[in-house]
Every structure is written in C-alpha cells, then in structure tokens.
Amino acid sequence: MPWLMMKFKSFINKEGRALAERRAKELIKTKKFSEAKQLLSENLEDSNKPTRTRHIVNDATIEKLGELLNENPNGVMLYRDEISGFLKTIDREDRSNDRAFYLEAFNGLGSYTFDRIGRGTVEINSVCLAILGNIQPGVLRPYLNQASSGRTGDDGMIQRFQLMVWPDLTAWQHVDRWPDKAARDKAFDVFTRLADWEGFEEPARFSDEAQKLFDAWFCNLPQELRTDDIYPALESHYGKYKSLIPSIALLIHLADDEHHSAIVGADAVSKSIAWSKYLKTHAERVYSSALDTVDANAKTILSKVESGKLLEGFCTGEVMRGGWIGLNSLEAIKAALLRLVEYGWLKQITNTPKSVGGRPSIRYQVNPKILHNAPNE
C-alpha cells in the first residue's frame, strides 16, 4: 500500500507539473511573467521520486553515469566481461573527455560537473567508481607497450587497474564437487550487510599498532621504487599502492567487523600488505608480456603451431599473413623465430634453389614435442 500511494502521488505531481507548464506558456505569450513564475513555483517537479539502488552498471554514457552516481553516493562498479570494448571506446578521439572522467574517478573522492545542452547541468558530489572485467593477453599487450614506452597517451590508465591478475597456465583438470555453501552464504551476508550500511559516524582511521605497521611499509616503498632494476611502468603501478593498501585494509576490516568500527586494526593492515605481495607477482607477469616483446611474440607463434594454424615447415610469410598481434613486421617475426630456435623449439632449414641464381628459402621445422600436442587436421 505505501508503494501504491507513493506511485499515485508521483503521478499527481508529474501531471500537475505538466498542466502548470502548459498554462505558464499561455501566460508568457500574454507577457504575464509574474503569474507564470508563481504558477510554476506552486507546482514543482517531483523531487522525492524513488530512486533505484544500483551496484553494477555495464554500458552507460558518462552523463548518465553521473546521474547514477548521484543516486548512489557510495559508488557503483562498471563491469564488462570483455573490458577491451571499454578501452577501445575511451581511446576514440571523440571520447577523450570520457577517458579524463574515468582517470579522475580513480581517487573516489573528487567531484565532477557536466554541462550539456540537452541534459543540463549534472553535479556529481562524489565520483566513486570501480571497474572490473576480463581481457585477453594479446589484446592487452598494445596498452602495456604504450605504458612501458612512455609514449604520448601513457596517462596511467592501465596502472589504475591495481588488482590485475594473470592466469596460471596449469594443466586443466575437471573438478566435480558441491559448492561450499557455507562460504557462499557467509560472503553473501557480508555483501548484504555492507549494502545496507550507511557509513561511519566518524572518520575511519588506523589503530596505533596498525599505523606503525603501515608506516613501516610506506617508508620502505620509496626506497623500493628508486632502485635501478624496476621499469618505469611498474614503478608507476607500484606507486599507486600507497592508496591501495589502506583501501584493501579497510575492506578487510569491514568484512570481518560486523559492528563497523571506525578503528582499523593491525590484522587488516597485515593482510592487506600480504595481498600487495601477491599482487606484485601478478603485475610483474602482466607487464613482462610487454617488456619482453620478443618472448611474448615467440609464445604467440608457439600457440599457433599448437593450434594447427602454422604447419610443419612454415615460413615467415605465413606468420606475416596470420595478422596476429605483435607479429606485424618482418623484424618482429624474425626476432621471435630466432628466440624459438635458440630455445630448441624450432629448427631453421635452408633450402638451396635448384636453378642457378635462385634465392635460398628458409623454413622452420617444429620440435616433435609441439607436434605431439597439436590437433589433427
């Protein structure tokens, strides 16, 4: 019944406003401006209409996203199963403003104002947005190359994906077992509790013990970043851990503490630091695919041999015609093939031409270990 009354009231407000606007237009035509203003002030738009709680969005313009953030001040998560589509969209020249918006959303605290002719002015008090998705390694590599080379366009977007993980390519094994219902229910209870939570009554802070633990880690971070054996892209990535560690610690604290105390303990900070060590190993694996492009290209060629797209005795021309990412130049292909020859996965065979003046051709023989795993034609 309350919902029905609310919907009825919203209908009356909406229709009353529409009638008032039509009457006000008639008054304006006769230059009765004060009466039109009074009529509109007495029939305001419905400002108390119910809003839908949102936690996840998939595809929205930044203007609409701004409205959703105003309706959900605790923030929302943009989820894309294939995040490459999102990256390609903000790469477009006509969407450069979108890219700037997402870059500014990283801190989760800033405000943002849109001024559009059609939509008017949208003021976002708190731009708090998380982005989650999957991407294929080959598709990600050009973005990593851009971040690693320091070329124009390296604005730190990729480094803002702080929780990136690289899959472990272990032997596949079928596992048929019941899900852990108790663990699932426990996690669901945490999500439900936090969704209904209205926030701290006082600013959150570390306990004295937790602060000492964080300070020790934080003071060691600059020394670690100033070493000569770390690549600039990774340095930029790790540099953002100074905000990641407190964020993870706070989330761990909220998940563990049902009373939502504003004091974050040392246990949460310790777990967060352990998380950072785990994430660093994955970040190194992710960026290495761009830092050593020859090795990455060599792995691509191996995968094409294993899938049967490159057959025994293939040549550089066949690799070039494949159009695979990273293998779009003869120099890159030759470097990758040379690496595979050095590792013993391929053997270079030079065929001497029978005719006088002919040029020798080079083909590549595949290690039988690869052919053994390749699919039958």
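Select N297 to start: N297 lies in helix 12 (residues 293–306), where helices are DSSP runs of H or I with at least four residues, strands are E runs of at least two, and both are numbered from the N terminus. The model is predicted, so local features need pLDDT of at least 70 and side-chain atom pairs count only at pLDDT 80 or more, while totals for chains, interfaces and linings use all residues. Residues are numbered from 1 along each chain as its sequence is written, and side-chain values use heavy atoms, with hydrogens and water left out.

N297 has a relative accessible area of 5% and is therefore buried (under 20% is buried, over 50% exposed, in between partly exposed; 1.4 Å probe, protein chains only). Now show the contacts of N297, meaning heavy atoms within 4.5 Å. Not counting residues up to four places away in sequence, N297 touches R141, I325, G326, L327, A332 and A336.

Next, select residues 56–57, strand 1, and residues 76–82, strand 2; the two run parallel and are joined by two bridges (strands pair if DSSP finds at least two bridges between them). I56 stands opposite M77 in strand 2.

Finally, select the cysteines C128 and C315. C128 is partly exposed at 26% relative accessible area, and C315 is buried at 17%. With a disulfide taken as a pair of cysteine sulfur atoms within 2.5 Å, the count is zero.
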